[in-house]
Each structure stands twice: as structure tokens, then as C-alpha cells.
Amino acid sequence: VYGDANQREVLTEAGALGAVSLIFSSSGAAGSTTAIQIAREMNRDIHIVCRADYLKETAALRTAGADAVFAGEGELALA
């Protein structure tokens, strides 16, 4: 499925209604708060994992409904 994950139709076509998990791994995923909120509305049990480019973006992604957020910046610091 190719499309904007911030659109309900795209998430539906991708199978979010019956999915066990949803992973946002691309750079710029901080702009995915709408997609996270829509996916959470569609499927309350879905496990959402999201990548943030910077630590300062993690709180907004968690607030939007992501279960786990990993920041590239933080992972590099730990390494």
C-alpha cells in the first residue's frame, strides 16, 4: 500500500483494523501523530512503535498514542 498514513483510507487498506502492530520507522515520523491517533481509534488493541529523530519529539508521539518510541538521537548516545 502506498499513500499518506495520515489518511484513514490508507490505514484501512494497509490492514490497521485487524493488525497486531504498526511500526513507523521512517525519518520524520514525528509528523505521524495524526496517523497514530487514527490507528488507535480504528484498533484500540494495536501496538504502535514509532521512531523519532530527536528526543524532544518522543513525548508528542507518546501523547498521540504510541506504545513505544525510540529516538535515533538517544540510541546513538547510548551506543
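This is a predicted model: local features need pLDDT of at least 70, side-chain atom pairs count only at pLDDT 80 or more; totals for chains, interfaces and linings use all residues.
Local features need pLDDT of at least 70 and side-chain atom pairs count only at pLDDT 80 or more, while totals for chains, interfaces and linings use all residues. Residues are numbered from 1 along each chain as its sequence is written, and side-chain values use heavy atoms, leaving out hydrogens and water.

Turning to the sheet, three strands form an open arrangement in the order E1-E2-E3 with parallel pairing. Strands (E, at least two residues) and helices (H or I, at least four) are DSSP runs, numbered from the N terminus, and pairing requires at least two DSSP bridges between two strands. Strand E1 (21-24) and strand E3 (68-71) stand at the edges with a single partner strand each, so one side of each lacks a neighbour in the sheet. E1 pairs with strand E2 (residues 47-52) over four bridges, and Ser21 stands opposite His47 in E2.

What of the interior? The largest nonpolar core holds 19 residues, of which Phe24, Ile36, Ile48 and Cys50 touch the most other members. Such a core is a set of buried Ala, Val, Leu, Ile, Met, Phe, Trp, Tyr and Cys residues joined through side-chain atoms within 4.5 Å, where buried means under 20% relative accessible area (1.4 Å probe, protein chains only). Helix H2 gives the most to this core, with five residues.

Conventions:
Buried means under 20% relative accessible area, exposed over 50%, partly exposed in between (1.4 Å probe, protein chains only).
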